[in-house]
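Subject: Structure handover

Hello,

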Amino acid sequence: MNIPLRRASLACAALLFSLLANLTYLQAFGRSDLEGDPRDQRVLLAKLGRPRGDIITHEGAVVATSRRADAEPYGHLRVYPYGEMYAHVTGHVSLRRATGVERARDAVLSGSDPKVRMRALVEDRAYGGADVRLTIREPVQRAAYEALEATGRPGAAVALDPATGAVLALVSYPSYDPAAYAPGDPTEEAATDRRLRGDPRRPLLDRALHRAYPPGAVFELVTTAAALGSGEYTVASRVGAPARLPLPGPPAFLTAAAGRPCGDGRPPLAYAFQLSCDTALANLGLQLGPDLLRDQAEAFGFNADDLALPLQARTGTYPGDLDQSRAALSAIGRDEVRASPLMLAMLSAAVANGGLLMRPYLVEEVRLPDGSTTDRAEPAPYRTAMPPQPAGQLAALMTTTTVPGGPAAGVALPGMEVAAKTTTSGHGPSACTAFAPADAPEVAVGVVLESTTPSAAAPLARAILRAALP
């Protein structure tokens, strides 16, 4: 063989070896990346060639299902019977991506999960997707959505079972119709996505899980829990509540909302909590200090980054670099303290459950196509927010706010004692956290309404509690 031919042969051999090596690498290590590339529709077409499993509520209402497509190339299309009401729970499946439970439980819904495929092989049949049963209670979800929709203002609401952590309702408003993203014309889908992303109301934003707000007086639950848990305060302890509270740094003073001392200027902690005396609770924050307040906030779940329902969730933020002055403001829910509606519900859930916060979860179980159940949820502790005794004291304090004339009277239910805490000033949005019945809690709620009226969230919380209780 002459030299040019030998060189050409070696070059071809090297190219062939490189091709085989790259093909082996892609098959062994790069498959998942290729399948996840949104530009490749073959995976989606393969998934939609068979029906996805249903997403159903706790009672069995179908909130996402599949139907046969009228035309190629899709074998099945996704249908969302309840539209906007469950959009931020179910999410959607589109040519580009999936969101919500559709994404978080895609493997079982699409049938690609090994357990689903193995059961199909054992039974010698074609495999489809498994059903996902949620913890959502349809009447509670409906009440939360309709109450938010009636206000016409952006907001969110979460309801939890304090004893288990099960999510009974999860609503963000404004919402969108997930059917608008059902696989179809790519150009039409792109136009839908641009329209929704460009909407100034931000309907795609899940405010319940992904938006954190200034909690205002609701954060006084954390401050009071820290005081009671410290052993230095009781509900009868006197707290200074002047008309102007001197602060060790800027701002130099905190002025009481009423412009005068709260009570006699040194009210009992119980009185200060009931009426949300801002200078009293800020003074308490000065005495406790930023470290103790931060520890208590984190015991409730603030600053957590390990929470998935399985939807990724944001809880809240308590800054780590506060001085004494900012700690005083944070004690009344100002400064840079933030809490999501989920976090607000978790506050009440922890108090209602004797100080033990259960891990919130959204998926009850997965049902295989043959009717058998797998991946059943098991309630699990998430945080020990506070000892049982101060938790009981804090629960009793929360019931004093819902008496006639109290700041949270709008949450009260006839014939039942309700525990609650609401915002009391125009600093930030209207927020409310509550649980009921106070003596045997069955539901805890967190509500935020982007309104400057402090009491605006209270009727929404009451509507959710009413729907959740027999």
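Helices (H or I, at least four residues) and strands (E, at least two) are DSSP runs, numbered from the N terminus. This is a predicted model, in which local features need pLDDT of at least 70 and side-chain atom pairs count only at pLDDT 80 or more, while totals for chains, interfaces and linings use all residues. Residues are numbered from 1 along each chain as its sequence is written, and side-chain values use heavy atoms, with hydrogens and water left out.

Threonine 399 belongs to helix H17 (residues 388–399). Its relative accessible area is 13%, so threonine 399 is buried (buried is under 20%, exposed over 50%, partly exposed in between; 1.4 Å probe, protein chains only). Leaving out residues up to four places away in sequence, threonine 399 touches Glu417, Val418, Ala419 and Ala438, where contact means heavy atoms within 4.5 Å.

Cysteines. With a disulfide taken as a pair of cysteine sulfur atoms within 2.5 Å, the count is one. The bond is between cysteine 262 and cysteine 277, S to S 1.7 Å. Cysteine 262 is in the loop between strand E8 (253–255) and helix H12 (269–275), and cysteine 277 in the loop between H12 and helix H13 (278–288), so parts 15 residues apart in sequence are tied together. Cysteine 432 is buried at 0% relative accessibility, whereas cysteine 12 is exposed at 51%.

Sheet. An open sheet of six strands has the order E3-E2-E1-E4-E12-E13, with mixed pairing; two strands pair if DSSP finds at least two bridges between them. E2 (residues 62–68) and E3 run antiparallel and are joined by four bridges. Serine 66 is opposite arginine 78 in E3.

Charges over rings. The criterion is NZ of Lys or CZ of Arg within 6 Å of the ring centre and within 35 degrees of the ring normal. The charged end of arginine 244 sits over the ring of phenylalanine 253, 4.0 Å from its centre. That of arginine 383 sits over the ring of tyrosine 382, at 4.3 Å from the centre.

Regards
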